[in-house]
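Please open the structure in a viewer and keep the sequence beside it.

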Amino acid sequence: MFDGCRKAIRYAMFTANLLILFGGFVVFAIGIWTLADKSFMERLLGSNLYVSSGAILIATGLIAVIIAFLGCMGALKEIKCMLLTFFIILLMIFITMLVGGILGFVFRNEVEEHMHTQMLKTVKQYMNDTPVTEAWDAVQTKFECCGIRPGGDTSYLPYKIWMDMNQNFRMKGPQVPSSCCKSKTVVLQCQRNPSPETTWTSECYEKLKAFVKDHANVMGGVGVGIACVMILGMILSCALFLMIGI
């Protein structure tokens with residue numbers, strides 16, 4: 001019965017490590033997905049917490065893949081020193097990944113507080129600051145939106161913020177950035193006389209906020225989920241370590 005129990009724990013640990021291996025790849029992919037969007041995130045979000053959580057998930061995902069292999073070998077060969085090493089490293093990864101997942105959830109709750117203020121601030125810097133200009137163009141093109149409302153007035157057309165707050169856009173010249181236009185064929189008409197027919201009328205703040213919150217939910221959920229699988233791996237490695245040699 002004892003041998004049967006040990007064998008069951010060994011194969012359960014092997015299965016848990018396969019899950020950790022798969023989870024490591026998923027976490028790494030999500031981290032890359034997060035950092036791939038940072039070109040326009042960092043300048044408009046007003047916080048680097050989002051990007052930091054992505055970097056943490058990339059690092060821990062890579063390490064988890066490597067350590068999962070160590071755990072599989074330790075389980076199949078029943079090598080005590082390998083199991084102990086696996087447990088210690090997995091514990092450190094668990095703590096780091098849990099922090100990364102929590103950062104994702106925390107950032108989700110800070111989005112509204114910082115983003116609106118930061119986006120309004122950067123409207124004035126458009127065409128005067130290259131990273132800000134590129135960030136706004138990327139957001140407006142990606143989300144098919146234009147501008148931002150300065151307050152809670154829903155009757156205010158978001159694209160008017162460019163004329164109201166940026167000296168590069170005036171009534172006698174271009175009134176909105178070209179990235180606000182629905183197609184290249186209507187750019188001239190769109191910039192000189194913005195209208196719902198030629199110009200995106202959705203607010204960029206609302207679209208970016210929804211995108212970031214969904215992104216953060218995925219990061220947080222995956223990070224915490226894989227951390228829970230790691231707990232199972234640690235428990236099984238301890239049990240198998242104590243059974244070897246008995």
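## A guided tour

Begin by selecting Lys160, which counts as partly exposed because its relative accessibility is 37%; buried means under 20% relative accessible area, exposed over 50%, and partly exposed in between (1.4 Å probe, protein chains only). The model is predicted, so local features need pLDDT of at least 70 and side-chain atom pairs count only at pLDDT 80 or more, while totals for chains, interfaces and linings use all residues. Residues are numbered from 1 along each chain as its sequence is written, and side-chain values use heavy atoms, with hydrogens and water left out.

Lys160 is placed in the loop between helix H5 (130-143) and helix H6 (161-165); helices (H or I, at least four residues) and strands (E, at least two) are DSSP runs, numbered from the N terminus.

**The whole chain**

Now display the whole protein as a cartoon. Its secondary structure comprises eight helices and zero strands. Of the 246 residues in the protein, 46% are buried. Contact means heavy atoms within 4.5 Å; among contacts between residues at least 6 apart in sequence, 73% join residues at least 24 apart.

**Salt bridges**

Side chains of opposite charge can pair when their charged atoms come close. A salt bridge is a side-chain nitrogen of Lys or Arg within 4 Å of a carboxyl oxygen of Asp or Glu, and by this rule the count is two.

Select Arg149 and Glu203, which form a salt bridge whose closest N and O atoms are 3.3 Å apart. This pair links distant parts of the chain, 54 residues apart: Arg149 is in the loop between H5 and H6, and Glu203 in the loop between helix H7 (187-192) and H8. Are these two residues buried or exposed? Arg149 is buried because its relative accessible area is 18%, and Glu203 counts as buried because its relative accessibility is 8%.

Next select Lys209 and Glu206, whose side chains meet in a salt bridge (3.4 Å, N to O). Both lie in helix H8, three residues apart, about one turn of the helix. Lys209 is buried at a relative accessible area of 14%, whereas Glu206 is partly exposed at 38%.

**Aromatic rings**

A pair of aromatic rings is described by the distance of the centres and the angle of the planes. Rings of Phe, Tyr and Trp (its six-membered ring) pair if their centres lie within 6.5 Å; planes under 30 degrees apart count as stacked, over 60 as edge-to-face and the rest as tilted.

The structure holds five aromatic pairs. Select one of them, Phe143 and Phe211, which is edge-to-face, with 5.2 Å from centre to centre and 65° between the planes. Phe143 lies in helix H5 and Phe211 in helix H8 (residues 204-243), so the pair ties together parts that are 68 residues apart in sequence. Phe143 is buried at 11% relative accessibility, and Phe211 is buried at 17%.

Then select Tyr126, Trp136, Trp162 and Phe169, which ring pairs link into a cluster.

Finally, select Leu84, Ile88 and Met92, which make a nonpolar surface patch of about 280 Å². Patches are made of residues with over 30% relative accessible area and no salt bridge: like charges are joined within 9 Å, nonpolar side chains (Val, Leu, Ile, Met, Phe, Trp, Tyr) within 5 Å. Accessible areas come from the Shrake-Rupley method with a 1.4 Å probe; for residues, only the protein chains shown count as cover. Met92 lies in helix H4 (residues 80-123).
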